[in-house]
Amino acid sequence: MNYNAVVRTQGDRLNVRSTPNGEIIDSLINGTEVEITGESVAAGGRNWVAIGVNRWVASEYLSQIPQDDTDSNENFYSIRGAKIIATQTDVIIAGGLKVYRTELIDDTGKIIDRVRTVSGRIGKQTPSPIPGSQTPIPFGIYTFDNPGIVEAKSGEFGGVWSPVTPTFPTERGGFGVHFDPSTFKNNSQTGTAGCLGTPTIEEREIVTNFIRTYKPTHLIVQKD
């Protein structure tokens, strides 16, 4: 089966080998997009996939990019691996933030839990591609930079931070999943500048535990 994927390491380069678990002939930087051809092959305690003639990489360092036909909401559920799907609704909380119905899904497709999330500032609830717009995170598919890792980050990140990278071109950046401690404080920090934020500590803990336990590879943000 052929599909496209993105290299996802902890920042190191990914070795390319001449055969499964064979001689190193090249390396790829984190974030490189590759095309997978054929089925995986087990060797040396890992699964290997071909990205060209006599070019093999360890599949555990790749995140699949869905095909173009995944534009429909139903197809998002077919993306491999554990995932988080956040659907923007018209339900309003905190004086003007739209609620994202957010499903935490394991690698078998089972919904483990559901929480609310918010994105963007009050009065700026339509996603925009313009950097600094403080509008919600753009609709689309993202990959987690470090699946299973929740970093400690204080201030308006609410103590937790899991960065994600869009699989589509956009001028905006710095996306991630965190807790918004100001959601219900009705101040200038209410909402997020473009990330996906949980509005309560209880929901923060549910998402944090899910990320650490199930190691989701994708975040999908869509409109209801």
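User: How many cavities of 30 Å³ or more does a search of the whole structure find?
Analyst: The model is predicted: local features need pLDDT of at least 70, side-chain atom pairs count only at pLDDT 80 or more, and totals for chains, interfaces and linings use all residues. Residues are numbered from 1 along each chain as its sequence is written, and side-chain values use heavy atoms, with hydrogens and water left out. A cavity is a set of points, on a 1 Å grid over the protein atoms alone, where a 1.4 Å probe fits but cannot get out. At 30 Å³ or more, the count is one.

User: How much space lies in the largest cavity?
Analyst: Grid points are joined across faces, edges and corners, and the volume is the space filled by probe spheres set on the points. For the largest cavity this gives about 60 Å³.

User: Which element gives the most to the lining of the largest cavity?
Analyst: Lining residues have an atom within 4 Å of a point; here they include Val150, Trp161, His178, Phe179 and Arg204. Helices (H or I, at least four residues) and strands (E, at least two) are DSSP runs, numbered from the N terminus. Both β13 and α2 supply at least two residues of this lining. With four residues, the top contributor is α2.

User: How many charged residues does the lining of the largest cavity have?
Analyst: Ala, Val, Leu, Ile, Met, Phe, Trp, Tyr, Cys and Pro count as nonpolar, Asp, Glu, Lys and Arg as charged, and the others, Gly among them, as polar. The lining has seven nonpolar and four polar residues. Its charged count is one.

User: What volume does the largest pocket have?
Analyst: A pocket is an open set with protein on both sides within 12 Å along at least five of seven lines. The largest pocket is lined by 35 residues, with Ser59, Glu60, Tyr61, Leu62 and Ser63 nearest its centre. β2 (14–17), β4 (33–43), β5 (46–52) and β7 (62–65) each supply at least two of the lining residues. The space comes to about 740 Å³.

User: Which strands stand at the edges of the eight-stranded open sheet?
Analyst: Two strands pair if DSSP finds at least two bridges between them. The order is β10-β9-β8-β15-β11-β12-β13-β14, with mixed pairing. Each edge strand has a single partner, so one of its sides is left without a neighbour in the sheet. The edge strands are β10 (111–117) and β14 (196–198).

User: Which residue in the turn between β8 and β9 has a positive phi?
Analyst: Eight bridges join the antiparallel strands β8 and β9. They form a hairpin with three residues between them. The phi is about 55°, and the residue is Ala94.

User: Is Asp224 buried or exposed?
Analyst: Asp224 is found in the segment after β15 (218–223). Not counting residues up to four places away in sequence, Asp224 touches Thr87, Gln88, Thr89 and Arg101. Buried means under 20% relative accessible area, exposed over 50%, and partly exposed in between (1.4 Å probe, protein chains only). At 59% relative accessibility, Asp224 counts as exposed.

Methods: Contact = heavy atoms within 4.5 Å.
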